[in-house]
Amino acid sequence: MILDKFSLKGKVAVVTGSNTGLGQGICRAFAEAGAYVAGVSRRPSTETAQMLGADFHNIIADLSSSAVADGIIAQTVSRFGRVDILVNNAGLIKRCDSLDFSEEDWDSVLNVNLKTAFFLSQSAAKQFIKQGGGGKIISIASMLSYQGGVRVPSYTASKSAIRGVTMTLANEWARYGINVNAIAPGYMATNNTEALRQDEERSADILSRIPAGRWGTPEDLEGAAVFLASSASDYVNGFTLAVDGGWLGR
């Protein structure tokens, strides 16, 4: 049956940024699809743990350093016995005019959004190869993987790079049965967009360009995440899927 291909029963997923927003929604969707989930967060993912119960294991880690990557995978294997799926969801954004943007803010965003995501993908891929049978890596990109944005130079750089690295890793790792893809969310109602949503003029401008006529929600991303994590996407590799209410088509 075709729906069986979307099942994640018995799979083990690592999801970064599991305490709120898109990451929490992906954790919930994976659990509902049958997966065990290791959620990575800087602070305890208490609410997510209450939602998922015994199928959820919280790993506390500071993703500003890529040195935590191997430990995250090792802790997941210790708890669940294997890893089948990685979602690089955790992200940081700093807003400032490019003329005044600091090196500190540049480095902090690139470290979390790109460097740690790459080395966590590398660590997961090594575990997939060790286990045999392939695996799935999904990174959360952005509309700014395609566009320049305003006042977010380091975020735009990181998300443009995520799209490129996704293609690179897919090219190299497809031979191991590893699918590497990304999801580019549109304007979502999350912590990262709170300032934009509170700015009535800016929010109105954004909504006027979204054909769907609303901000996205974590639930809007869940189907795409389950698809890319499941065997239904076994011949999808190196692609960044927009979930944007039609923004890019405008």
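Modeller: Happy to! A word on terms to begin with: buried means under 20% relative accessible area, exposed over 50% and partly exposed in between, with a 1.4 Å probe and protein chains only. This is a predicted model, where local features need pLDDT of at least 70 and side-chain atom pairs count only at pLDDT 80 or more, while totals for chains, interfaces and linings use all residues. Residues are numbered from 1 along each chain as its sequence is written, and side-chain values use heavy atoms, with hydrogens and water left out.

Colleague: Thanks. Is F6 buried, exposed or partly exposed?

Modeller: F6 counts as partly exposed, at 30% relative accessibility.

Colleague: And which ring does F6 pair with?

Modeller: With F227: the ring centres are 6.3 Å apart and the planes at 35 degrees, so this pair is tilted. Rings of Phe, Tyr and Trp (its six-membered ring) pair if their centres lie within 6.5 Å; planes under 30 degrees apart are stacked, over 60 edge-to-face and the rest tilted. F227 is partly exposed as well, with a relative accessible area of 24%.

Colleague: Where do F6 and F227 sit in the chain?

Modeller: F6 is in the segment before β1 and F227 is in helix α8, so the pair ties together parts that are 221 residues apart in sequence. Helices (H or I, at least four residues) and strands (E, at least two) are DSSP runs numbered from the N terminus.

Colleague: How many aromatic pairs are there by this rule?

Modeller: Five. F118 and F119 form an edge-to-face one, with 4.9 Å centre to centre and 85 degrees between the planes. Ring pairs also link Y187, W215 and W247 into a cluster.

Colleague: Let's switch to the core. Which residues touch the most other members of the largest one?

Modeller: I26, F30, V87, I183 and L221, out of 27 residues. The elements giving two or more residues to this core are β1 (12-16), α1 (21-32), β4 (85-88), β5 (135-140) and α8 (218-229). A nonpolar core here is a set of buried Ala, Val, Leu, Ile, Met, Phe, Trp, Tyr and Cys residues joined through side-chain atoms within 4.5 Å.

Colleague: What does F30 touch?

Modeller: Leaving out residues up to four places away in sequence, its contacts (heavy atoms within 4.5 Å) include L8, V15, V37, I85, V87 and V226. There is also a second, separate core of 24 residues, with V14, I73, I137 and V180 among them.
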